[in-house]
2 protein chains.
Amino acid sequence: MITKNCVLTNQEIEDLLVKNGVPATLQRIAICKYVVCEANHPTAEQVFDWAKNNLQKISQATVYNTLGTLTEVGLIRAFRFPHSDKVVYDCNTQDHFHFFDEKTGQLVDVDSSSVKLNIDLPQNYKVHGFDLVFKGEIKN
Amino acid sequence: MITKNCVLTNQEIEDLLVKNGVPATLQRIAICKYVVCEANHPTAEQVFDWAKNNLQKISQATVYNTLGTLTEVGLIRAFRFPHSDKVVYDCNTQDHFHFFDEKTGQLVDVDSSSVKLNIDLPQNYKVHGFDLVFKGEIKN
DNA sequence: TTAAAGTTTAGAGTTATTCTAACTATAGAA
DNA sequence: TTCTATAGTTAGAATAACTCTAAACTTTAA
């Protein structure tokens with residue numbers, strides 16, 4: 001399992017890609033490393049901005065393609081939240097929830113173990129899962 | 001309080017609008033009546049389609065403006081869900097959750113009383129509310 | 001070394017929504 | 001009743017976030 005914002009070498013990222021059936025290219029290694037090791041719930045736009053500054057040349061399509069590919073093979077996850085129309089990418093691939101700080105716009109992962117849910121739904125409602133987003137403020 | 005998919009006369013809709021500080025126009029009365037009394041979690045597109053068929057003339061901008069106005073004054077609510085990039089409008093203005101049928105795409109309201117949530121978050125996380133969407137299937 | 005296959009790219013296209021500027025309706029003043 | 005100010009509606013342009021396309025590279029594998 002990949003730990004959030006871990007430090008991985010390019011070689012380790014490359015292995016990770018190949019192990020998941022994704023041929024490792026320069027662009028994929030860079031983007032994967034950024035999303036897995038550096039960024040925090042970035043949007044495609046943020047990844048593109050980063051990539052423009054950190055690769056000699058990159059196109060928007062490659063960023064979207066790569067994020068799509070990484071999501072497909074399960075190396076990252078894509079989320080869409082109520083407060084925004086942009087998809088954000090998350091290196092945390094385990095089941096978890098989110099806390100949205102309404103003041104700062106910051107998104108924080110919430111471990112699923114910190115939430116207990118008691119549901120009383122009709123028998124014929126078969127629940128496969130649920131999305132849960134807390135809204136509030138993180139005081140310091 | 002407005003009951004979901006209630007039957008209201010045009011006059012009652014008009015009163016509702018005026019009481020909420022929204023001058024009643026033909027377009028607003030029609031759209032409001034449709035979203036409050038007839039539709040079930042419609043998108044702006046669905047409201048526009050309905051309006052095109054039920055008003056002599058209507059523009060997309062009016063549909064968006066009106067849905068925005070109705071949302072602002074609290075007569076309806078706007079939701080954005082993980083499974084779609086379209087905003088849906090809900091005549092249920094009370095706190096509640098949703099069940100998304102992955103087979104049919106249907107959205108169903110879930111009363112907040114049918115969910116008990118136990119949260120164990122750090123002290124400094126002040127929760128103002130949360131969005132909860134069940135994913136699954138409604139068998140019949 | 002040479003195809004075949006896969007990857008990246010620029011730029012065009014799409015979708016949902018918002019903006020703009022002109023036109024229209026309405027309510028109160030004269 | 002007529003005028004005028006204000007607000008509402010409209011068509012069409014603009015925007016934002018993606019997605020597609022077709023050409024140009026790059027590998028990979030024989």
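User: Which residues of α1(B) meet which residues of α2(B)?

Analyst: This is a predicted model, in which local features need pLDDT of at least 70, side-chain atom pairs count only at pLDDT 80 or more, and totals for chains, interfaces and linings use all residues. Residues are numbered from 1 along each chain as its sequence is written, chains are lettered from A and ligands numbered from 1 in the order in which they are written, and side-chain values use heavy atoms, without hydrogens and water. In α1(B), B:Asn10, B:Ile13, B:Glu14 and B:Leu17 meet B:Arg28, B:Ile29, B:Cys32, B:Lys33 and B:Cys37 of α2(B). Contact means heavy atoms within 4.5 Å. By class, the residues of this contact are five nonpolar, one polar and three charged. Ala, Val, Leu, Ile, Met, Phe, Trp, Tyr, Cys and Pro count as nonpolar, Asp, Glu, Lys and Arg as charged, and the others, Gly among them, as polar.

User: Why are α1(B) and α2(B) called roughly perpendicular?

Analyst: The two helices pack at an angle of about 100 degrees, with their axes 9 Å apart. Axes are lines fitted to C-alpha atoms, for helices over the stretch in contact, and angles run from 0 to 180 degrees between N-to-C directions. Angles under 35 degrees count as roughly parallel, over 145 as roughly antiparallel, 65 to 115 as roughly perpendicular and the rest as oblique. Therefore α1(B) and α2(B) are roughly perpendicular to each other.

User: What makes β4 of chain A and β4 of chain B edge strands?

Analyst: The open sheet has six strands in the order β4(A)-β3(A)-β6(A)-β6(B)-β3(B)-β4(B), with mixed pairing. Two strands pair if DSSP finds at least two bridges between them. Each β4 (107-111) has a single partner strand, so one side of each is left without a neighbour in the sheet. From one strand to the next, the twist averages 30 degrees.

User: How many bridges join β3 and β6 of chain B?

Analyst: Strand β3 (residues 96-101) and strand β6 (residues 125-138) of chain B pair in the parallel sense over four bridges. B:Asp101 has B:Gly136 in β6(B) as its bridge partner.

User: What counts as a helix or a strand, and how many of each has chain A?

Analyst: Helices (H or I, at least four residues) and strands (E, at least two) are DSSP runs, numbered from the N terminus. Chain A has four helices and six strands, and its pattern along the sequence is α-α-α-α-β-β-β-β-β-β.

User: Which residues are closest to DNA strand C?

Analyst: A residue is near a strand if one of its heavy atoms lies within 4 Å of it. Of the 17 residues that surround DNA strand C, the closest are A:Thr25, A:Arg28, A:Thr62, B:Lys86 and B:Val87. Sugar and phosphate make up 81% of the atoms of DNA strand C that come within 4 Å of the protein.
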